[in-house]
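Me: Hi! I have a model open and would like to talk it through. Could you take a look with me?
Reply: Happy to, let's start with the ligand.
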Amino acid sequence: MRPVRFVTPGHAQLRYDRSCMSSSNEPAILLLAHGTPDVLSEMSAYLANVTGGRPMPQHVVEELQHRYAEIGLKEEPLPEGPPLTRWTLLQGKLLSEALGRKVYVGMRNWKPLIADAVAEMKADGVQHATVLCMAPQKSRTSTGLYKRALDKADEGAFTYDFIAGWAHEPLLSKAFAERMKVALDKARESDPNAMVLFTAHSVPCRTIRPANHEEAAIGSAHAPGAPVPADGLQNYGTHDEGDPYPVECKQTAMEIAAELGLKDSEWVFSFQSQGIAGAPWLGPSVEDTLTALAQEGIKSVVMQPVGFLCDHVEILYDIDVAFRDFAKPLGIDVTRAMSLNDSPTLIQAIAKTVQS
Ligand SMILES: C=CC1=C(C)c2cc3[nH]c(cc4nc(cc5[nH]c(cc1n2)c(C)c5CCC(=O)O)C(CCC(=O)O)=C4C)c(C)c3C=C
Ligand SMILES: [Fe+2]
Ligand SMILES: [Fe+2]
């Protein structure tokens, strides 16, 4: 294979061969993901992208710089890139190899940006694309915002099929179950009563409520003159029927538990990483759940976030550092299933989803 280009200079330096380029009658494949800063000094600009321009207080910027520093981010770019970028680009490369076609990757909040991927697709003459979010559960505040960024960049240059939620794909729960089995078997060697705790990223309660039509008409805080709600969070747009996110997350957990043959008494579910902004976020929180489990006499908990497909700060810091430290004085040992990262079953799940 003759490498012909660097798709993302400065990151994982993933090379694509022209033999993997889409032929004109096949839809191009575009993966959308969150994005993460490359160096600590980019934190303010990164957070402005995450919040749609609303500035974060300095103490929040510093707290996040601290967390990112704890997981290895520095002032100089890491040769291999930050974990989220590195793994997402690798997943794109593995998918490209599995399908024998070029795969584009764009991130909403940092490089390589969705706009960069779209510019490349336009230059390649893409007419139609299949777009998949590297967040399997559909949500206004993740997949909804990714789609909005895509529409802004695309400007109608190509048409696309947008796969917003694909958590029901059985190979996805199989991939998670494979990782959990390894961690749970290990935990049960020392504690046969080890409890499984599945998690998903919390969201502000107001972002999942069904909307009235007046609110739906407001659109987003990106629109000039759009009001900022009292809790300070931007308006994420609305769905009359409410956001399916919390239900889809719990369904994923149930499917993994079923795949593992877990009894109901062997697993629980919580929402992790409630935001630093005020206002109520979805619970139960991991902290409340660990406290309750300690009261029930649980000594070991094996965690698995079911909405993240690779390592990033909310796994490497929130779980591996913060929840572990929180659980220690409660007498609970927290371990976790390895992230999916380069799981071949995950790549099969994505390949099957984009092909169907
Ligand atoms: C389904 C919802 C969300 C997913 C999935 C999600 C993944 C995710 N988030 C980060 C990093 C950050 N997210 C931050 C804020 C934030 N995240 C969500 C929702 C999801 N995030 C919301 C609604 C918000 C609040 C945004 C706002 O306008 O205030 C932040 C900022 C700090 C904070 O509030 O915690 C960071 C950083 C990653 C890396 C990630 C998965 C890859
Ligand atoms: Fe987030
Ligand atoms: Fe977060």
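Me: Which residues are closest to ligand 1?
Reply: His-34, Thr-51, Ser-139, Thr-141 and Gly-275 are the closest, out of 26 residues that surround ligand 1. Keep in mind that this is a predicted model.

Me: And which helices supply at least two residues of that shell around ligand 1?
Reply: Helix H1 (43-50), helix H5 (140-154) and helix H10 (313-316) each do.

Me: How do the shell residues divide into nonpolar, polar and charged?
Reply: The shell around ligand 1 has 13 nonpolar residues, twelve polar ones and one charged. Domain 1 (5-38 + 77-165) and domain 2 (170-208 + 243-336) each provide at least three residues of this shell.

Me: Switching topic: how many residues are in the largest nonpolar core?
Reply: There are 82, and Leu-30, Leu-32, Val-301 and Val-302 have the most contacts inside that core. Helix H6 (residues 170-190) gives the most to it, namely seven residues.

Me: Where does this core lie relative to domain 1 and domain 2?
Reply: It lies between them, because both domains give residues to the core.

Me: What does Val-302 touch?
Reply: Leaving out residues up to four places away in sequence, Val-302 touches Ala-183, Leu-184, Ala-187, Ala-194, Val-196, Leu-197, Thr-335, Arg-336 and Ala-337.

Me: Last one, on the whole protein: how many helices and strands?
Reply: Twelve helices and ten strands. Of the 356 residues in the protein, 42% are buried. Among contacts with a separation of 6 or more, 78% join residues 24 or more positions apart.

Definitions and conventions:
Residues are numbered from 1 along each chain as its sequence is written. Chains are lettered from A and ligands numbered from 1 in the order in which they are written. This is a predicted model: local features need pLDDT of at least 70, side-chain atom pairs count only at pLDDT 80 or more; totals for chains, interfaces and linings use all residues. A nonpolar core is a set of buried Ala, Val, Leu, Ile, Met, Phe, Trp, Tyr and Cys residues joined through C-beta atoms within 7 Å. A residue is buried if 20 or more other C-beta atoms lie within 10 Å of its own, exposed if 12 or fewer, and partly exposed in between; C-beta atoms are placed from the backbone. Helices (H or I, at least four residues) and strands (E, at least two) are DSSP runs, numbered from the N terminus. Domain bounds come from an automatic or database domain assignment. Two residues are in contact if their C-beta atoms, placed from the backbone, lie within 7 Å. A residue is near a molecule or strand if its C-beta atom, placed from the backbone, lies within 6 Å of it. Ala, Val, Leu, Ile, Met, Phe, Trp, Tyr, Cys and Pro count as nonpolar, Asp, Glu, Lys and Arg as charged, and the others, Gly among them, as polar.
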